[in-house]
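Q: Can you walk me through this one? I'd like to keep it quick.
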Amino acid sequence: MEGWDPNTKSTLTQIPLLTTKAGPRDGAAWTTRLKEEYKSLIAYTQMNKSNDNDWFRISASNPEGTRWTGKCWYVYNLLKYEFDLQFNIPVTYPSTAPELELPQLDGKTQKMYRGGKICLTVHFKPLWAKNCPRFGIAHALCLGLAPWLAAEVPILVDSGMIKHKDDATTSAES
């Protein structure tokens, strides 16, 4: 954690760590892990709301908890840019981090793979491997998606690759 800004350290230390090393193929152990994931996500969401830093909503979109969907957003120049968020839990989870996808941004930045999967290889994946199985979905959002949005959205907006929904509506009406 050295080299991290104090705000990131503070946030990370408040997200509960997980203890169960289980993936989708592990039956009852996966159910235990999934409960830990929800507790961690709830704590992270509550912390964000109390700090007026609410920036995502996700939920499992299947009963097994292997497919997740939701929304995430980033405020830039006082405008809110909202994106669909989706990911699957890999069968080798938690050894393998989930690949977070923002399908609306597919092909708009070089820091993304086909299908809108954000690039997290250089900085995040070694961190995930070092902290397996203690890190979970909330940690992936905090240390993967949040910094990616902070780095990429301003560039995409300034270059004209993405437009605010109000700008798109105004130009469509013209």
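What follows is a short chat about the chain's fold, shape and surface.

A: First, the ground rules. This is a predicted model, where local features need pLDDT of at least 70, side-chain atom pairs count only at pLDDT 80 or more, and totals for chains, interfaces and linings use all residues. Residues are numbered from 1 along each chain as its sequence is written, and side-chain values use heavy atoms, leaving out hydrogens and water.

Q: How many helices and strands does the chain have?
A: Five helices and five strands. Helices (H or I, at least four residues) and strands (E, at least two) are DSSP runs, numbered from the N terminus.

Q: In what order do the elements run?
A: From the N terminus, the order is α-α-β-β-β-β-β-α-α-α.

Q: How do S1 and S2 run?
A: Antiparallel: S1 (residues 56-60) and S2 (residues 67-76) are joined by five bridges. Strands pair if DSSP finds at least two bridges between them.

Q: What stands opposite Phe56?
A: Cys72, in S2.

Q: And which residue in that hairpin takes a positive phi?
A: Gly65, with phi near 75°. The hairpin has six residues between its strands.

Q: How much of the chain is buried?
A: Buried residues make up 40% of the 174. Buried means under 20% relative accessible area (1.4 Å probe, protein chains only).

Methods. Buried < 20%, exposed > 50% of the residue type's maximum accessible area, 1.4 Å probe, protein only.
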